[in-house]
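Please examine the sequence and the structure shown below. The report that follows describes them in short sections.

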Amino acid sequence: MNHSPLAAAILFYVGIVPISRTVVTTWGLMAALTAACWIASRGFRVDAGGWQTMIETVVVGIEEQIAGLLNRDAAPFLPLLGTLFIFLVVANLCGILPGVRAPTASIETPAALAAIVFLSVHFYGVRIQGLAGYLKGYLKPNPIMLPFNILTQLTRSFSLAMRLFGNMMSEDLVVGVALALAGLLVPIPFMAFGILVGLVQAYVFSVLAAVYIGGGIGAIEK
Amino acid sequence: MTLQMLSIIGAVVAVAVGSITPALAEGRAITAAMEGIARQPEAAGSLSRTLFVGLAMIETMAIYCLMVALLLLLANPFAR
């Protein structure tokens, strides 16, 4: 192994800004997802065809999951959490394609997504409970718990990023080790397991984001 | 014993202990969830959702141990 999984592979520079492989892959995924959603949502009709039915199933499924978790109307949270889930599914699974490395397998992408979740907890909390009501949540169940509540906010965002990164990176690593030991056919079960891990991690990341936001708006206990 | 050898042993111990204990913990969590579902099959939906989140939490500990092992092996600041 001549390349540390913790280091970023720099492809080229724009001025002084290094553009890593992760960024290029992420932009490609974003373009593909945006184009697919634009093409798919152009011709929506009341009597849905096959493609539209599939999209509606996915969106309604995500909406029901969020509503079940938060015990309230999912509409304000659907754009963030739905995008997060769909992007993570595509990003985790794109590592299967030859020549593509999953962007979630390097530390930047999970860290950025966890930062988005961290900020959106406060955003939704202030928007739904009001500033005073949201800040009062930090004094529960007891004002002594204030430092621990603040610490919880930071550590759980960190662990959210590390969980996604560790799982996706270790999956790459396991496939790499299997490839180094026996090249032919042996890595395939590991890659199949990697598909499962990618889907489960996308689900877990989205559910945890929903749970954290639910804690921020006071819908569920932390 | 050189510092490199110590780092390798440390990484092996970290991964070994860090996979045994979360495996035991996940087993206990799944057992409890199975018992819960067997007693109350109508609560299977919310139980399995909570189980998934809990398993992810437990698994994070194993991932932390893997991180420590990788840092020891690839980015060890003392064994240069």
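## A residue after a helix

Which residue just after α2(A) takes a positive phi? It is N71(A), with a phi of about 60°. The structure is a predicted model, in which local features need pLDDT of at least 70, side-chain atom pairs count only at pLDDT 80 or more, and totals for chains, interfaces and linings use all residues. Residues are numbered from 1 along each chain as its sequence is written, while chains are lettered from A and ligands numbered from 1 in the order in which they are written.

## Confidence

The predictor's confidence in each residue, from 0 to 100, is called pLDDT. Chain B has a mean pLDDT of 88, and 99% of its residues reach 70 or more. For the complex, the predictor gives an ipTM of 0.75 and a pTM of 0.84.

## Overview of chain A

Chain A contains 7 helices and 2 strands; helices (H or I, at least four residues) and strands (E, at least two) are DSSP runs, numbered from the N terminus. Read from the N terminus on, the order of the elements is β-β-α-α-α-α-α-α-α. The C-alpha atoms of chain A fill a box of roughly 60 × 55 × 40 Å along the principal axes.

Of the 222 residues in chain A, 26% are buried. A residue is buried if 20 or more other C-beta atoms lie within 10 Å of its own, exposed if 12 or fewer, and partly exposed in between, with C-beta atoms placed from the backbone.

## Helix α2 of chain A

Helix α2 of chain A covers residues 50-70, and its 21 residues should span 30 Å at 1.5 Å a residue. This expected span is 1.5 Å times one less than the number of residues. The end C-alpha atoms are 30 Å apart, which agrees.

The buried residues I62(A), Q65(A), I66(A) and L69(A) belong to α2(A). Seen down the axis of α2(A), its buried residues fall within an arc of 100°, so they line one face of the helix; the arc is that of the directions from the helix axis to the C-beta atoms. An α-helix has 3.6 residues a turn, so residues three or four places apart point the same way. The face turned away from the buried side of α2(A) carries exposed residues, including G50(A), T53(A) and E64(A). Among the elements covering the buried residues of α2(A) are α3 (78-93) and α7 (187-216) of chain A.

## The nonpolar core

A nonpolar core is a set of buried Ala, Val, Leu, Ile, Met, Phe, Trp, Tyr and Cys residues joined through C-beta atoms within 7 Å. The largest has 35 residues, and F205(A) and A209(A) have the most contacts inside it. At least two residues of this core come from each of α2, α3, α4 (108-129), α6 (146-181) and α7 of chain A. The most come from α7(A), with 9 residues.

Residues are in contact if their C-beta atoms, placed from the backbone, lie within 7 Å. Not counting residues up to four places away in sequence, F205(A) touches L84(A), L88(A), L160(A) and L164(A).

## Where the chains meet

In the complex, 14 residues of chain A are in contact with 12 residues of chain B. On the side of chain A that touches chain B, α6(A) gives the most, with 6 residues.

G166(A) is found in helix α6 of chain A and is buried, with 25 other C-beta atoms within 10 Å. Leaving aside neighbours within four places in sequence, G166(A) is in contact with I63(B), L66(B) and M67(B).

Terms used:
Contact = placed C-beta atoms within 7 Å.
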